[in-house]
Amino acid sequence: MNPATKTPSSLLRYCRAGFETECAGEVTASMAALSIAGDLRAEPGFVEYRFDAPLDASASGVLSDWRRAIFARQSLLAFAHLQSLARADRLTPIMAILVERGERYVDAWVEAPETDEGKALAPFCKSFGNALIGGLKKARLLDPHAPRRLHAFFPQSDNVYLAAADPGLSAPWPQGIPRLKFPRDAPSRSTLKLEEALLTLLDGGERERWLKPGMNSVDLGAAPGGWTWQLVRRSLRVTAVDNGPMDAALMQSGLVVHAREDGFRFRPKKPVDWMVCDMVEQPRRIAELVARWFADGWCRHSIFNLKLPMKKRYAETMLCLDLIRGKLAGAGREVELRAKQLYHDREEITVFCRLRK
Ligand SMILES: C[S@@+](CC[C@H](N)C(=O)[O-])C[C@H]1O[C@@H](n2cnc3c(N)ncnc32)[C@H](O)[C@@H]1O
């Protein structure tokens, strides 16, 4: 492998347009924690951190793990950045680097940021994707048994980052966007948020172990029932807490009890396996409520939304997560928190919390 492109030169994180500051804040905090020097650049729909010195393997593992990043839809280690590509032939210089580097890839994705400019590149990405796959095949660099996937990320059509990703550490969807199909009989579009949360915040084994038919759950702020629908679909029993009306067909499943109560006052009669919460409220109030549920042993797992304020969204996120950790440490309980701004989230993040002991 060519030494110039052997080691990653930068971290690349795709994010929701408008959340570059939060994504950059999170990258800055990670680099400080890992003592990695470099230069940060936030561009519409993504953030790049260019390393001053080669990364060691353990830092590479931490930084490229997309699940650990809250404000990133994808997290990649890039090994090359080519600018001012000639419109007539972008493939030749890209293939020159790939051939020199010599790594084989299981697949190749051509992507752009999810901004208006990036969306306009969709037809180009599609056609260039075919050309790139053709080039890789010809150079014998496409191999179904290779461990990594190639990403060619185009912020503009003459500007590309090349990155190699371990499918186990990176988001399994192009652009980090899960294109989920809206289930026809689900009562609200919010259902996609919980579906994406379960796909993103838990792995396959965890979904199987922690979401079993017959488990009990509580859905705070449930109406009309999109989140409840996801739980019922997995045969969980649900107490749906909301003063608003629940979808009639969902109620006929026989698995849902509707409690017309205030979600902040509701207490389950017995501890439940899951508490989910989509109430539109100040994030700190939700964080306090979640901490209370875990401190008092009312649930073992939770997924909840934190609606972020207009300003200081990264600081508020950290404050809420620290608040939960701190309150529970004080109660002698240890929890694991995983948070993400999902594709189906807007001005909010979604958090998974579970009791460790
Ligand atoms: C965003 S909607 C929930 C949508 C729902 N997750 C779904 O998928 O259909 C927020 C809901 O929270 C409810 N809500 C807000 N404050 C509440 C409270 N204090 N107690 C119970 N429900 C509340 C509202 O009535 C509303 O139905």
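For this tour, Ala, Val, Leu, Ile, Met, Phe, Trp, Tyr, Cys and Pro count as nonpolar, Asp, Glu, Lys and Arg as charged, and the others, Gly among them, as polar. The model is predicted: local features need pLDDT of at least 70, side-chain atom pairs count only at pLDDT 80 or more, and totals for chains, interfaces and linings use all residues. Residues are numbered from 1 along each chain as its sequence is written, and side-chain values use heavy atoms, with hydrogens and water left out.

**First stop: the largest pocket**

Select Glu26, Ser30, Arg68, Ala69 and Ile70, which lie nearest the centre of the largest pocket among its 22 lining residues. Two or more lining residues come from each of helix H2 (20-34), helix H3 (57-63), helix H12 (313-330) and strand S13 (335-340). Helices (H or I, at least four residues) and strands (E, at least two) are DSSP runs, numbered from the N terminus. By class, the lining has 13 nonpolar, 1 polar and 8 charged residues. The space amounts to about 480 Å³.

A pocket is an open set of points on a 1 Å grid over the protein atoms alone, with protein on both sides within 12 Å along at least five of seven lines; a cavity is a set where a 1.4 Å probe fits but cannot get out; lining residues have an atom within 4 Å of a point. Grid points are joined across faces, edges and corners, and a volume is the space filled by probe spheres set on the points.

**Second stop: the second largest pocket**

Next, select Ser217, Thr239, Phe266, Lys269 and Val272, the closest to the centre of this pocket among 19 lining residues. Its volume is about 360 Å³. Strand S8 (216-220), strand S9 (237-241) and strand S10 (256-259) each provide at least two lining residues. The lining comprises 10 nonpolar, 4 polar and 5 charged residues.

The model holds 2 cavities of 30 Å³ or more. For the largest, of about 60 Å³, select lining residues including Trp66, Arg73, Trp173, Glu196 and Tyr343. Its lining divides into 6 nonpolar, 3 polar and 3 charged residues.

Which residues line the second largest cavity? They are Tyr14, Cys15, Gly45, Arg73, Ala112, Pro113, Glu114, Phe153 and Gln175. This cavity has a volume of about 40 Å³.

**Last stop: Phe304**

Finally, select Phe304. Leaving aside neighbours within four places in sequence, Phe304 is in contact (heavy atoms within 4.5 Å) with Cys277, Ile286, Val290, Ile324, Ile349, Thr350, Val351 and Cys353.
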